[in-house]
2 protein chains.
Amino acid sequence: MKRWKRIRREQGPQIPLFDLEFHYMENPRNQSVLKALVLRAKDTVNVIALTADQEVLLVKQYRFGVQDFVMELPAGLIDRDEDPISTAKRELEEETGYISEEWHYLGFSYINPAYVNNGCHHFVATNAIQKGVLKLDDSETIQVSAIPLGSVPNYIRKGIIRDAISIACLSRFLDIRG
Amino acid sequence: MKRWKRIRREQGPQIPLFDLEFHYMENPRNQSVLKALVLRAKDTVNVIALTADQEVLLVKQYRFGVQDFVMELPAGLIDRDEDPISTAKRELEEETGYISEEWHYLGFSYINPAYVNNGCHHFVATNAIQKGVLKLDDSETIQVSAIPLGSVPNYIRKGIIRDAISIACLSRFLDIRG
């Protein structure tokens, strides 16, 4: 299968969060040229943090995209020069006040490969313990909850957890069939 | 938990695929105002199409966001005035040449709730049969494959299927723990 050829790349308008580019792509099937929107950002991480009682930490935030509260795994953007596991530890502590010494890698997923370049590294952290309080920036209001691991499939079936990237992570660890 | 208050909404630059808006949002915790990027588009659908032999149809496309080939479930954007099930039937036929008479709804996930307003309706279609040839537009080059349903968890573990929204759909139907 032939790759599309990028004829040229053009910087788009300045927006928050992303580098917005237009890529002029030539279709190998018919040589037609398409102007594709490409949003570029650093990769992200998310974390299944389990307490000793086998409860999973969830964060509920007001999300501006869908203009509603959304229940998600603790997650965040990898900072410059940070490696994914360091981001995972930092975000877990910042968003929940919990830390863990036991970390395992679960895999990587693309968030929206059609027009976003980045993806998400999935982790599980066991025996998480509450260390401190949340460190929230001005764009965050977060409510932390802990639910039994066994309830997660039901939360997904009922649509209480409906964030695809959280589900992609949870499904590496749990049977969540409907 | 208090909602953020939208102070005003501003139209952003014109780009393909999305209505780009800026929402000025007031944090209920400290009244600071944040300029949030919001990308608006219609909802999408994706489909687990199973043949009588219990094989799943996958489509491999060159995706401009990640600049690589990505293996996904057949999927697409809901057209104006279309309902999700009609989109699912249309996209399955357009992207694979297969049709089915047996459709079941699996649920709904948000794609990226932080800055995108839309989500994806998940379907499963059983006893899919090949009816015709692909109807591709100029932005598509698609390679269709059919893999045994039982191989899907291994494809996910190995990172061959790594699209979060495909995994969110597949996990409603299969145990894909790593």
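Which residues of α1(A) are buried? The section on the helix of chain A gives the list.

## Basis of the model

This is a predicted model, in which local features need pLDDT of at least 70 and side-chain atom pairs count only at pLDDT 80 or more, while totals for chains, interfaces and linings use all residues. Residues are numbered from 1 along each chain as its sequence is written, chains are lettered from A in the order in which they are written, and side-chain values use heavy atoms, without hydrogens and water.

## Helix α1 of chain A

The buried residues (under 20% relative accessible area, 1.4 Å probe, protein chains only) of α1(A) are T87(A), A88(A), E91(A), L92(A), E93(A), E95(A) and T96(A). The helix, a DSSP run of H or I with at least four residues, covers residues 84-96 of chain A. Its 13 residues reach 18 Å from the first C-alpha to the last, close to the 18 Å expected at 1.5 Å a residue (1.5 Å times one less than the number of residues). After α1(A) comes G97(A), with a positive phi near 80 degrees.

## Interface of chains A and B

Contact (heavy atoms within 4.5 Å) joins 71 residues of chain B to 71 residues of chain A. The buried area, meaning accessible area (1.4 Å probe) lost on being put together and summed over both parts, is about 6,200 Å², and carbon and sulfur atoms give 63% of this area. M1(B), F64(B) and Y110(B) supply 12% of the area that chain B buries against chain A, more than any other three residues.

Across this interface there are 2 salt bridges (a side-chain nitrogen of Lys or Arg within 4 Å of a carboxyl oxygen of Asp or Glu). D68(B) and R3(A) meet through their side chains in a salt bridge, at 3.8 Å from N to O.

Key:
Buried area = accessible area lost by both parts, 1.4 Å probe. Helix = DSSP H or I, 4+ residues; strand = E, 2+ residues; numbered from the N terminus. Buried < 20%, exposed > 50% of the residue type's maximum accessible area, 1.4 Å probe, protein only.
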